[in-house]
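Thanks, everyone, for making the time.

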Amino acid sequence: MIPKLVVHSANQLLALASPDGPRRGQELRRLDIIEDGAVAIQGDRIVLVGDTREVLAEAGEDANIIDASGKVVMPGFVDPHTHVVFAGDRASEFEMRLQGASYMDILAAGGGIMNTVRATRAAGLDEIVAQSRQRLDRMLAHGSTTVEAKTGYGLDTENELKMLEAIRLLDEDHPVDLVPTFLGAHAIPAEYKGRVDDYVSLVVEEMMPVLAAKGYLDHDPTLFCDVFCEEGAFSVEQSRRILAKAKELGMRLKIHSDEFKALGGTALAVELGATSADHLACTPDEEIELLGNSDTIGVLLPGTPFGLAEDHYSPARKMIDMGVAVALATDLNPGTCYCESMPFIMALACRQMGMTPSEALVASTINAAHALGLGHEVGSLEVGKKADLLILDSPDYRHLAYRFGANLVQAVVKAGRMVSQ
Ligand code: NIG
Ligand code: FE
């Protein structure tokens, strides 16, 4: 008999049942809070959700019981855009930026992403895994139970493979589930300066076939491919070449678009049927409309302008009004946003992008799951889904966005096991 776990008597149980796919418009705010709610888990799956009395009666006497009186019980956060795997840090660039240097100027001068590329190339696999594991520990403590993880600090075949291997090892032995994304086109490495098309050829003609040959595309669901579509990084045409090839190989698609300049990357994402388009800080109205009429999730990253001490936040209100299925993510990375906390991102989303606490919550759970193609598996507390849930040390979900700078996540259950308390 597989042991049962019941979490009961929650002041607010946020199941966020979403049988119709990603939430848009008014649906982003609908929480259907269950008061005095409970959830029963068997093995790694949710088997019952509802009223405490009913769930306890059905679960039987042998269940292990956790009393969540006065607390919120909700799905684990899904963080659908991170660069969590890297070596070193860029604290000195943070200080330079505070004194006036811009992020893209530092990159153009050979620093920025390239600094982290040098550190990541120089570090052994074990070192990268050890440094990244500490960040995953903190993400888990702040309630993230599934996170995307991008490559993009290798920028040559050997080191991009090393990053994918680090992600695989961490997924294997850390409680947090990692969803890998190949971001070979994150920046133009120094050895290809002035020869961007040649670097794109390397990505398309060498790196991607090697990924396929090594079996990285054989998993179900398969690897994501992402591109940094930006002035000073990759143009729309170069992004198209990379993403079209990825699609041909059966990969799923993502894009960094409109972080600083609008080049047309969001329209490209919609055209190619990308799973998500991310950043969207300066997306033109026509492209917001395209996004709102598509299945592509808009992943908003308010930690990035905050981390850069800039004010180009995404127009989330307009996007929601225009039907975009928005999600939130940390964008955790050593350059623009060294943030491991989804609740802090929610706090920013409410203050800087005008989202309501309920919208921010849905965008950080079920919609974030859809941004990884995992809407059927995580992101809500529904029978049959993976038992990833949080107990908050607060009586009301709004505290997540209302309070900030302290961690309200009291306990994390990951795949049916208590992993952080
Ligand atoms: O999403 N803009 C591109 N990539 C990251 C930053 C990575 C870095 O600076 O190391 C971002 O902001
Ligand atoms: Fe990013």
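Which residues coordinate the iron ion (ligand 2)? The donors are His-81, His-83 and His-256, each through NE2, together with Asp-331 through OD, at 2.1 to 2.4 Å, where a donor is an N, O or S atom within 2.8 Å of the metal (3.2 Å for Na, K and Ca), and water is not among the atoms, so sites may look incomplete.

Before going further, please keep in mind that this is a predicted model, in which local features need pLDDT of at least 70 and side-chain atom pairs count only at pLDDT 80 or more, while totals for chains, interfaces and linings use all residues. Residues are numbered from 1 along each chain as its sequence is written, chains are lettered from A and ligands numbered from 1 in the order in which they are written, and side-chain values use heavy atoms, with hydrogens and water left out.

Along the sequence, the iron donors follow the spacing H-x1-H-x172-H-x74-D. His-83 counts as buried because its relative accessibility is 2%, and His-256 likewise at 3%, buried meaning under 20% relative accessible area with a 1.4 Å probe and protein chains only.

Leu-211 touches, among others, Leu-161, Phe-182 and Met-251, contact meaning heavy atoms within 4.5 Å.

Terms used
Buried means under 20% relative accessible area, exposed over 50%, partly exposed in between (1.4 Å probe, protein chains only). Lists of a residue's contacts leave out its neighbours within four places in sequence.
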